[in-house]
Amino acid sequence: MVFYKGSCLMNEESSEYLGLDTSVVNDFEEKDVSYLLKNKHIFSEKKEQITRSLSLNDLKHVYETFYFSQVARNMNYYRSLVWSNEMEKSIQNQQDLHFRLFKKEYLEKISICEDLITHVSKMFEKLRVINIDLKKSYENSHVFRNNYEKLEKEKQNAILLKDQIRQNLEAYCSLDVIYKLLNTSGVELITKPEFFDMLKKLDKGSQMMKEHPEFKNSWIYREKFEQCLTKAMTLICVFFVQVIKELNEGINEDFSFKVSNNINQTAFLYTKFRVRAIELRPYIKEIEERIKDHNEYNVMINDCQKFYFGIRYKLVKPIISQKLNELSNENIIRFSRISIAFFTGLCFDEFSLFRDFFQNDDSKFYSYSQKLFEPISTYLQSNLFKETNLSLLCEVCSVFKVKISEDSENENSLDIGQDCYKIDYSVIFNEIIQHIQSFIVVQVRNVAKLEIQNFIPSKNAFNFSKTLEKRDQSDSLLTKVSDVSKEELYDSDLVIRWYPTLNKTISLLSKIYPLLNTKSFNTVAYDIVNICISSLSHGSQVQTDISMRDRQLFLVKHLLILRNQILEFNIDFFHFEKDVNIDTANISSWDVYNKLRLFNPLELYKSAWSKISGFSSTERDIYNKFNTLLQTAINASIEHSLKPFIEPIQKIRKIKKLSNDSIEAIINESLISIEKEAPLLRITFLSYIEDSQIIHIFFIDIIDKFSKELGDIGKCLSPEYLTTWSQTDQLISCLSRLLLNNNSSEKVSKTAHQDIIMIH
């Protein structure tokens with residue numbers, strides 16, 4: 001098999017000699033030069049192997065005969081080498097061809113890129129120029145816009161200045177026209193439609209001169225505008241007076257020719273005024289709106305109101321007089337009720353009519369209403385001046401008070417709008433109420449003097465103590481009757497449980513408390529309380545059919561009741577010493593009283609209360625009088641209550657020869673006396689004093705003093721009698737058991753027993 005590559009021949013032997021694999025030689029047949037070009041390193045390695053094999057033989061002996069076989073091999077080597085060289089040249093030429101092609105393509109692309117760069121450079125330069133032109137154009141447009149806006153603003157300013165100049169010139173021009181018109185025209189100018197426009201021009205001109213004092217002669221022109229405005233307001237007042245006069249004359253003529261009843265007359269009277277009020281209200285409003293800037297216009301409104309009320313008084317007075325004539329035969333209470341109902345209705349109608357004309361101030365209306373009420377007030381004063389019936393005076397006063405309170409409650413309960421007419425009747429009725437209150441004060445003093453100070457007690461005046469003896473004497477100190485039923489029992493027996501003068505005192509205070517003002521009530525209340533205290537003291541002394549202890553308990557009972565009752569009328573009568581552990585500066589005397597009474601009622605009653613500064617000498621005298629009397633009554637009642645228990649045991653002091661038997665006999669006698677007198681004492685206290693806590697503290701004080709007296713007697717005894725004397729703790733235990741409940745008696749007994757042990 002012979003291989004041919006290019007111009008070279010290669011057989012199997014030469015290929016084997018060259019050491020070439022058959023696979024490689026086969027590859028040469030299948031692969032072209034492009035393959036060798038791509039795998040140049042493989043071909044180079046083969047060439048090096050051939051060259052190295054050829055160097056092993058001497059080229060000089062290639063053609064020697066005796067080396068024939070070698071010659072063939074060398075020839076193969078040589079041919080292979082030549083072939084290799086040719087292949088290298090072919091590869092080189094192929095590479096050169098590719099290089100030239102690549103170079104040509106490269107140069108073409110370079111040329112294209114340069115053309116692109118040149119074109120881009122030209123475009124960039126054009127864009128730069130365009131950018132510069134755009135910036136210049138934007139700057140020019142911005143300048144143009146600023147100039148345009150500036151010109152537009154100047155144009156607007158010029159327009160505004162033109163309008164302002166025109167308006168200012170209009171104000172100056174209108175001033176002369178209005179000034180001449182006001183001087184040459186009369187009241188008929190008011191009815192012309194341009195009158196309100198004229199007022200607006202005057203207000204505008206005056207305001208302009210006020211806001212621009214820099215204008216030439218602005219103050220002169222301002223005075224001219226004010227003068228014209230004042231003339232216009234004066235014309236309004238003249239026109240108002242003229243219309244009201246015409247109304248008055250027209251109504252008087254209608255009343256003289258027409259005979260009608262009171263209802264039709266009243267309706268006609270208000271209807272005509274309300275029709276003209278619709279016409280006059282816009283003019284009056286012009287004056288009212290300018291009062292806050294022109295004080296002189298307030299005088300004009302006052303003059304208009306004064307004239308209006310003068311005309312209305314002349315028209316309404318006959319209606320009131322006619323109503324008084326109709327009620328002249330009624331009794332004073334019915335007269336008061338009907339006249340107040342009539343007047344309040346009339347007053348409401350007058351106020352609503354007044355508001356149809358005026359809206360700025362109501363003070364003149366209240367003066368007018370008081371003047372309308374004078375005939376009724378005079379009639380009441382003349383009939384009540386010599387009235388001696390206190391209940392009737394109070395009833396009349398309550399009629400006025402109820403009316404005032406009803407109106408105030410209606411105002412608070414209803415959602416009153418701005419257009420609703422609210423009348424303060426307390427201002428209108430104030431004078432008559434003061435007169436009635438003065439009559440009440442005089443009659444209250446007379447009643448207090450007659451029925452309290454000059455009261456002569458009889459036997460029936462003290463029946464309350466006998467009635468209370470019917471209470472269950474077997475109950476404990478804390479009664480088993482429920483609080484509700486007990487309260488009902490006391491309320492039903494109020495009259496018979498209290499001394500008549502105390503009943504009268506509380507009755508008078510209750511009657512006048514809602515009717516009098518605070519100052520008048522306090523003044524009268526102090527006098528009544530002073531008289532009542534004297535009456536109670538006198539009542540305790542004239543009871544000759546009862547013991548001294550019962551007299552003092554009677555006085556204590558009623559003084560405590562008096563104190564409790566007057567505190568409910570908010571009379572600031574009692575104040576307590578500063579050492580009391582309650583701050584009395586910020587709470588009422590009633591609160592302090594309840595708190596102290598809760599802790600130690602008896603100590604409260606026995607304490608020396610002091611009046612705070614700021615009260616009159618009369619009030620301090622009443623206070624001191626009450627304190628002294630109550631203190632004396634409490635001490636005396638305790639002393640007389642203790643006497644039946646102490647007298648038997650005090651016999652020991654009179655015995656000259658003591659013995660244990662005599663001491664024991666006296667103790668037994670005292671025990672019998674305690675068992676007899678203690679229940680009676682308890683019943684007596686229950687019959688006078690209703691508060692179980694106060695009774696309890698009374699009994700504690702009696703037991704303490706009894707224990708102290710036993711201790712004093714024990715100190716005077718010899719030591720050999722002390723053992724027998726220690727049996728006196730039975731007396732304390734028995735007294736505590738009979739006066740107090742079991743728990744309290746045990747505590748008192750233990751305390752007394754400890755005292756006796758200390759004496760021993």
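Which backbone oxygen lies 2.8 Å from a polar atom of the side chain of Thr230? That one belongs to Glu226, and point 3 comes back to Thr230.

1. **What you are looking at.** This is a predicted model, in which local features need pLDDT of at least 70 and side-chain atom pairs count only at pLDDT 80 or more, while totals for chains, interfaces and linings use all residues. Residues are numbered from 1 along each chain as its sequence is written, and side-chain values use heavy atoms, with hydrogens and water left out.

2. **The chain overall.** You will find 28 helices and two strands in the chain; these are DSSP runs, with helices being H or I of at least four residues and strands E of at least two, numbered from the N terminus. Of the 760 residues, 41% count as buried. Buried means under 20% relative accessible area, exposed means over 50%, and partly exposed is in between, using a 1.4 Å probe and protein chains only. Among contacts with a separation of 6 or more, 75% come from residues 24 or more positions apart; a contact means heavy atoms within 4.5 Å.

3. **Thr230.** Look for this residue in helix α7 (residues 218-257). With a relative accessibility of 25%, Thr230 counts as partly exposed. Not counting residues up to four places away in sequence, Thr230 touches Tyr297 and Met300. The C-alpha atoms of Thr230 and Tyr297 are separated by 8.1 Å, though the two are 67 residues apart along the chain.

4. Ile301 sits in helix α9 (residues 296-327) and, at 0% relative accessibility, is buried. Neighbours within four places aside, Ile301 is in contact with Ile284, Ile287, Glu288, Ile291 and Asn360. Tyr270 belongs to helix α8 (residues 262-289) and is buried as well, at 4% relative accessibility. Setting aside neighbours within four places in sequence, the contacts of Tyr270 are Arg312, Leu346, Asp349, Glu350 and Leu353. Tyr270 and Asp349 are 8.2 Å apart in space, C-alpha to C-alpha, and 79 residues apart in sequence.

5. **The core.** In the largest nonpolar core there are 165 residues, and those with the most contacts inside it are Phe273, Tyr308, Phe357, Phe400, Phe429, Ile440 and Phe706. Such a core is a set of buried Ala, Val, Leu, Ile, Met, Phe, Trp, Tyr and Cys residues joined through side-chain atoms within 4.5 Å. It draws at least three residues from each of domain 1 (259-409 + 420-429) and domain 2 (663-756), with bounds from an automatic or database domain assignment. Phe429 touches Ile340, Phe343, Thr344, Phe373, Phe400, Lys403 and Ile404, leaving out residues up to four places away in sequence.

6. **Two helices.** Helix α10 (residues 332-357) has 26 residues and reaches 36 Å from its first C-alpha to its last, close to the 38 Å expected at 1.5 Å a residue; the expected span is 1.5 Å times one less than the number of residues. At the start of α10, a side-chain oxygen of Asn331 comes to within 3.2 Å of the backbone nitrogen of Ile333. Helix α18 (residues 500-512) has 13 residues, and its end C-alpha atoms are 18 Å apart, which agrees with the span of 18 Å at 1.5 Å a residue. The buried residues of α18 include Leu502, Ile506 and Leu509.

7. **Aromatic pairs.** The structure holds 35 of these. Rings of Phe, Tyr and Trp (its six-membered ring) pair if their centres lie within 6.5 Å; planes under 30 degrees apart count as stacked, over 60 as edge-to-face and the rest as tilted. Phe365 and Tyr366 make an edge-to-face pair, 5.8 Å centre to centre with 70° between the planes. Phe455 and Tyr499 have ring centres 5.7 Å apart and planes at 90°, so this pair is edge-to-face. Phe455 lies in the loop between α14 (430-453) and α15 (463-468) and Tyr499 in the loop between α17 (494-497) and α18, so the pair ties together parts that are 44 residues apart in sequence. Phe455 is partly exposed at 23%, whereas Tyr499 is buried at 0%.

How values were computed:
Polar contact = N/O pair within 3.5 Å; in protein donor to acceptor, adjacent residues only side chain to side chain.
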